[in-house]
Amino acid sequence: MVVTGRNWRAGIALTAALMVAACSTSPKAPVAGPGEYVVQPGDTLYRIASKTGRSPGDIARWSNLQDPDKLEAGQVLRVVPPGGGASSEPPPPRSAGAERPERPERSRPPRAAAPEPVAPPASRRSDWAWPAQGQVIAGFNGTSNKGVDIGGSVGEPVMSIGAGKVAVTETLRGYGSVLMVDHGGSYMSVYTNVRTVLVKQGQQVKQGQKIAEIGGADGGRASLHFEIRYRGNAVDPRQYLPAR
């Protein structure tokens, strides 16, 4: 075959294109390492906290989030305390003299780590108050009811039980309208079946501040469903709120 100048130049261009294609790589999707979580489309900080059993405040602090209300899909967050995840570094190389010890030490079985408690011992909080004035009409049992139902009338005020930061104001499946306040120390208060939400996500609130109103009843008595969660796990609110 006769190689013309045009064919020669085309061959050079094709070779260059193939070299560029071979060297280029498409960006890889982020992969979560030990103690990490990759943000998925539609995730909120509270959803991630619920999935991992942590509090939004802890995750924000461990991940050095500048604005916890703005998450991006693919963002990698830390969901365990720094230094609390498994190390991915290889062990240090053994010295030559340690390859064949004359008297190897008797190996000891590793000690099992003590299980982390679901919640600390329940104690009443002097800095918390009941979220509504009505009487408890359904109590906590940990399964079918993960909080308490407080009777009331449509439009009655719903107050924050204590100082904190509004973490969620949205509609969640199985809960309807939901308002959640992060009180720090891995504690979160949850208010559902509410209407006319009066606060915004990220807003700081005080104890007793009106944050919403009790919503309508579905074929029954109007009530507020209220929960307290510690590290994402429901605990009995009556063990923490003032005695009635």
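Author: Ala, Val, Leu, Ile, Met, Phe, Trp, Tyr, Cys and Pro count as nonpolar, Asp, Glu, Lys and Arg as charged, and the others, Gly among them, as polar. This is a predicted model, where local features need pLDDT of at least 70, side-chain atom pairs count only at pLDDT 80 or more, and totals for chains, interfaces and linings use all residues. Residues are numbered from 1 along each chain as its sequence is written, and side-chain values use heavy atoms, without hydrogens and water.

Reader: How do you know how the lining of the largest pocket divides?

Author: By that sorting, the lining of the largest pocket has 8 nonpolar, 5 polar and 3 charged residues. Leu45, Pro56, Pro68, Lys165 and Asp182 are the closest to the centre of this pocket, among 16 lining residues.

Reader: What makes a space a cavity and not a pocket?

Author: On a 1 Å grid over the protein atoms alone, a 1.4 Å probe fits in a cavity but cannot get out; a pocket is open, with protein on both sides within 12 Å along at least five of seven lines. The whole structure holds 1 cavity of 30 Å³ or more. The largest cavity has about 60 Å³, and the largest pocket about 210 Å³. Volume is the space filled by probe spheres set on grid points, joined across faces, edges and corners.

Reader: Which helix gives the most to the lining of the largest cavity?

Author: Helix H2 (residues 45-52), with 3 residues. Helices (H or I, at least four residues) and strands (E, at least two) are DSSP runs, numbered from the N terminus. For the largest pocket, strand S6 gives the most, 4 residues.

How values were computed. On a 1 Å grid over the protein atoms alone, a cavity is a set of points where a 1.4 Å probe fits but cannot get out, and a pocket is an open set with protein on both sides within 12 Å along at least five of seven lines; lining residues have an atom within 4 Å of a point.
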